[in-house]
Every structure is written in C-alpha cells, then in structure tokens.
Amino acid sequence: MASFEVIGGRTLHGEIIPQGAKNEALQILCAVLLTPEPVTISNVPNIRDVNKLIELLGDMGVDVEQTAPDTYVFKAENVNLDYLSSERFVEQARAIRGSVMILGPMLARYGVAKLPKPGGDKIGRRRLDTHFLAFEKLGAKFTYDANDSFYHLEGKNLKGTYMLLDEASVTGTANIVMAAVLAEGITTIYNAACEPYLQQLCKMLVRMGAKISGIGSNMLIIDGVEKLGGTEHRMLPDMIEIGSFIGLAGMTGSEITIKDAQIRELGLIPDTFRRLGIKMEFHGDDIFIPAQDSYEIDTYIDGSILTVSDHTWPGFTPDLLSIALVVATQAKGTVLIHQKMFESRLFFVDKLIDMGAQIILCDPHRANVIGQNKQVPLRGISMTSPDIRAGVALLIAALSAEGRSVIHNIEQIDRGYQNIDGRLNALGAQITRI
C-alpha cells in the first residue's frame, strides 16, 4: 500500500491544467460498444479507474489503439460475448463501478448482457434499481442471482416507451440512453440526469447517428435507429479537479491559475466556493485565484448560518462537498455541510478533528464546521484515505497544515486524480510518494 508524505505550510504558485473528466470518460468509453466502426476519444485521463475500463474493453475484444498520450481509437467490431462468463471478467468488472455502463450498450447491440455486482468507493448505499427497472420497461428480462451476485439481462427486441425515473441517476440515465438509441420506436426519459457529462454522451451519440432531443434538460426523447457509426469526441475537463484546485488555492493562500476550465460547464461550483470566501477571476476560460491571507464564509440575508449541500445538476455536486468542508475549517465563520446523497461520505472528518479542525458531526449526513480563520493552523498527522474525494480533501488539509503528514491508501486517490503529486509539486508543494 503506497502513501504520500506531505510537508505542509508551503504556498503554491503557477498554472495547472485539469485532466479530462473521469465521470465522463466512464460513460463515453462504454458507448464505443454501440458500433463496429472506429471511435476516437481524446483528453482521456490517465487514471486507474479509466485505465481499468480500457483494459476491460480490450479483453472483451474491442481493438484499442493509443495514438497519443491522451487519445485512443476504439473499434468494437468483434466483441467476445463468451468473455462475460470468464473469471477474469468478474475480477475486472467488480474492480470499478463504471463497468455497470457496459450493460446498456451490450443489451442494445447484442440483446444480452451480464455483470457481477460492481465495486467502487464505500461511501454509502448506491443502488442500481433505476438501471434495471428502465431496461425492463424497454422490454428486457432481468434476473439477479444472489448466490454469485450476477445481474443478467436478455432482450433481443427492445422497444421504446415512456419512463419516469425514480431518481435522476447519472449512470442510470447514461445506461438507459445507450440502450434506447438502438431500440425500436420512441423512448421518453423524464427526470433524466442532465449533467454536462451526460450531455457530452448524448452529443457524441448524435454524431454517431442517434436521434436525441431535449439534451441538457430533464426530459430526453430518443427515436431509435437501426445502427450507429463512428465519430471523434473530446472530453471536458474534470469539474471535480477544478473545484479541488480552487479549494486548494484558498486553503493554502496560494496564487493559482486553472487553465481551460470550460467555466460554462461548472454550474454552481465557482459560486459555492465564492460563498465560502474564496476570490477568483475569470480570464476567458481560465480561473485565476489570487493569494488570500484569509477568507470569510457568507451568511444568508438574515444573517443565519450558511448551508452548503449537494443536489442533482445543476445543484452543487456531491463529489465536492468534502473539499468544501475542508476549506471551511480555515475560513472565518461557520457553515453547515449537508451531504444528502451518501451516508458515509462525511466519515473522514475524524481525521480533520485530529488535525485540530473544529467540526461537529451531527449525523451521517451533516457536519457543522466552525472556521478558525487561519489563526489555528491544522497540524500534520498520519491518516488513511477512505475514498477518492475524501482522500484529496485530506491531501489539501495536509498541504495547509503545519508539519509532516502521511496519507496511506493513496491508491484511492490515484483512481480519480492523474499524477496529482507531480502536478502539485510543480507548483511548489512537497509531496513524496513512499
């Protein structure tokens, strides 16, 4: 198990380029299964989860050619359905949660799909009912074998229908869209997720020949086609990385420019960090964060304590609540962090309390943070990363803290952040991989 040794208290300076979006990559890569023609994808992040999915596709029979450090050409002409019954497939699919999104394309193109229960971060209950209820509405037969935790789908002649999703699941919507584009007739998906990454998937599918209207709204209308062709696609920068860098700059009093952030696709992320007191300027699509000796949390108009909570898009993404929480520990003022979607994502605050943060964990979903206005710096400790996002929040805390910190289980961080130690060290951080 690898670890980071972090010497905190250093001020960073310079420019940083965000990686391609992990959450978009997992959708886009699965979509290559919908066509036998070549699909070229660029700005692919070099991170563990994405690399594992690319490896899985290759082992399934997809021809994979890397033409540049961040660019791949995929050709799913000879997919091996027998591979889905192999022990190797079980091992690979269970290793990454994004593997669930191969189900929609496989069902649409081959009429059959199977998958072991996927893994991923242990951040609380992450049910998949939305996916399978929708597949059944399209005419697929679904079974689940509790003995081996395998999901099975059969449906040779999917037919479009109306469906109201029980939750605006991003991966669920992506899976349903990929199944519906080759179904016969019209599929209407209401309460669909409308995140920028889902919009990217829909736009890519349209270039491949799909007929999708309502992109960007919570109602998607899909007129099924007989086949899809190849295309080229460039992924957006990762909004979670961008938010993490904004928080890092404020927390460490650093002057950082985030290059090509595609600001229009960030939703409430900049405004939420502004309400936590972090100043920023937009220069085209670059975000400039000036060095700040202190920052103050906003209040509501009547002076009451601010609440920062997650919500479906265009609300604040749950993936950045851990960053907002860490940033608040050194702000002036108090904020309530309300994690609505996952019941275990705040369980890293005990490490922050050990570092000297003033946090009251009210329940599994809410934490009250009393900022210390940088008057009482955090202190370095030894800790373990519980998941991707908490791991980076702890890394930011360590970079702002006095003294030496050690973060164990950094494989979690590597799953979502590309060469994070190298890129931050280039700005003046002192992070050693041990």
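Reader: Hi! Is Ile 221 buried, partly exposed or exposed?
Author: Ile 221 is partly exposed in this predicted model.

Reader: Nice. Which strand does Ile 221 lie in?
Author: Ile 221 lies in strand 12.

Reader: And which residues make the nonpolar surface patch?
Author: Tyr 162, Leu 164, Ile 186, Tyr 190, Met 219 and Ile 221 make the patch, with an area of about 540 Å². The elements that give two or more residues to the patch are strand 9 (162–164), strand 10 (186–190) and strand 12 (219–223).

Reader: What about Thr 188, buried or exposed?
Author: Thr 188 counts as buried, because its relative accessibility is 15% and the cut-off for buried is under 20%. Thr 188 lies in strand 10.

Reader: Which residues does Thr 188 touch?
Author: Leaving out residues up to four places away in sequence, Thr 188 touches Thr 161, Tyr 162, Met 163, Met 219, Leu 220 and Ile 221. Tyr 162, Met 219 and Ile 221 are also among the residues of the nonpolar patch.

Reader: Changing topic! Which residues does the UniProt annotation "binding site" cover?
Author: According to the unreviewed UniProt entry, that annotation covers Arg 97, Asp 319 and Met 341.

Reader: Where is Arg 97?
Author: Arg 97 sits in the loop between helix 3 (87–95) and helix 4 (103–110). At 19% relative accessibility, Arg 97 counts as buried.

Reader: Okay, and where is the place of Asp 319?
Author: Asp 319 is also in a loop, the one between strand 17 (306–309) and helix 10 (321–328). Asp 319 counts as buried too, at 12% relative accessibility.

Reader: Which residues is Asp 319 in contact with?
Author: Apart from neighbours within four places in sequence, Asp 319 is in contact with Asn 23, Ile 240, Arg 345 and Arg 389. With Asn 23 there is a polar contact of 3.4 Å between the two side chains.

Reader: How many residues apart along the chain are Phe 4 and Ile 410?
Author: They are 406 residues apart along the chain, yet their C-alpha atoms are separated by 6.9 Å. Ile 410 is one of the residues in contact with Phe 4, and others include Leu 395, Val 406, Ile 420 and Arg 433.

Definitions and conventions
Residues numbered from 1 in each chain as written. Predicted model: local features only at pLDDT ≥ 70, side-chain atom pairs only at ≥ 80, totals over all residues. Heavy atoms only, no water. Patch = residues over 30% accessible without salt bridge, like charges linked within 9 Å, V, L, I, M, F, W, Y side chains within 5 Å. Areas by Shrake-Rupley, 256 points an atom, 1.4 Å probe, with all protein chains shown as cover. Salt bridge = Lys/Arg side-chain N within 4 Å of Asp/Glu carboxyl O. Helix = DSSP H or I, 4+ residues; strand = E, 2+ residues; numbered from the N terminus. Buried < 20%, exposed > 50% of the residue type's maximum accessible area, 1.4 Å probe, protein only. UniProt positions renumbered as here; feature names shortened; annotations may be inferred. Contact = heavy atoms within 4.5 Å. Polar contact = N/O pair within 3.5 Å; in protein donor to acceptor, adjacent residues only side chain to side chain.
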